[in-house]
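Hi,

Here is the structure I promised to pass on. Have a look at it first, and my notes follow below.

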Amino acid sequence: MPITIKSAREIDLMTEAGRILEKVHLELEKALRPGMSTLEIDRLGEEVIRGYGCIPSFLNYNGYPASICVSVNEEVVHGIPTADRIIKEGDIVSLDAGVIYKGYHSDAARTHAVGKVSREAEELIKVTRECFFEGIKYAKEGNHLFDISGAIGRYATERGYGVVRDLCGHGIGTALHEAPEIPNYEMNRRGVKLKAGMTLAIEPMINIGGYEVDWLDDDWTVVTRDRSLSAHYENTILITDGEPKILSLTKTE
């Protein structure tokens with residue numbers, strides 16, 4: 001599949017999709033609390049997404065049964081919300097959400113501390129977010145795709161974290177997952193040259209322990225093999241002829 005270069009009209013639509021997704025994440029962050037179920041988070045997320053006239057990107061995508069991926073503690077990504085999974089004080093919760101606005105997707109994830117969490121959990125969340133911003137320093141026209149990957153991976157590994165290798169970022173547009181795939185670790189190749197108009201979902205997934213992961217029996221939920229904590233941070237970005245534009249950045253970021 002070729003990498004698509006978005007037109008000015010398409011960029012406007014994706015910018016609006018990102019603006020709406022920003023609001024979705026702000027609502028979810030505000031609502032997240034000990035004692036609520038992961039299903040409650042999902043239902044709120046779907047309600048907010050549809051309230052803005054959008055469609056949830058994830059609902060029924062390849063059979064995924066929910067609108068929000070809710071991943072707790074050792075769950076890396078794609079946690080399926082249920083009524084009996086209750087959020088507790090001290091948990092860290094990754095919320096991955098996507099919206100479709102007039103046929104165009106935006107995709108973003110945040111990991112939140114629920115109440116008071118351990119110092120190592122706080123640091124994990126902080127470093128995972130920083131990995132994204134280290135990566136997008138290289139998200140400029142004329143650089144290469146894997147310049148982003150290498151910057152993310154180096155930043156995490158130099159601080160002693162495991163960088164998930166079995167999952168990666170991706171292009172995005174009229175499809176949730178478009179070319180190219182974007183690893184979060186250093187590659188031997190440079191990858192394609194970045195061009196203005198590319199839209200990418202950059203998403204470091206970082207573990208306190210090793211990089212290895214397993215899939216649970218639901219065939220969706222990805223967990224750290226050593227059951228250490230994991231965090232996820234993602235935004236949809238636009239490559240320009242200057243600095244990258246982050247389309248889904250929340251004001252609290």
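Let me start with two helices: the axes of α1 (residues 8-31) and α2 (residues 38-51) come within 10 Å and cross at roughly 150°. Axes here are lines fitted to C-alpha atoms, for helices over the stretch in contact, with angles from 0 to 180 degrees between N-to-C directions. Helices (H or I, at least four residues) and strands (E, at least two) are DSSP runs, numbered from the N terminus.

A word on the basis: this is a predicted model, where local features need pLDDT of at least 70 and side-chain atom pairs count only at pLDDT 80 or more, while totals for chains, interfaces and linings use all residues. Residues are numbered from 1 along each chain as its sequence is written, and side-chain values use heavy atoms, leaving out hydrogens and water.

Back to the pair: Val24, Glu27, Leu28 and Ala31 of α1 meet Ile41, Leu44, Gly45, Val48 and Ile49 of α2 (contact means heavy atoms within 4.5 Å).

β3 pairs with β12 (residues 222-224) over 2 bridges (pairing needs at least two DSSP bridges), and Val77 stands opposite Val222.

Best wishes
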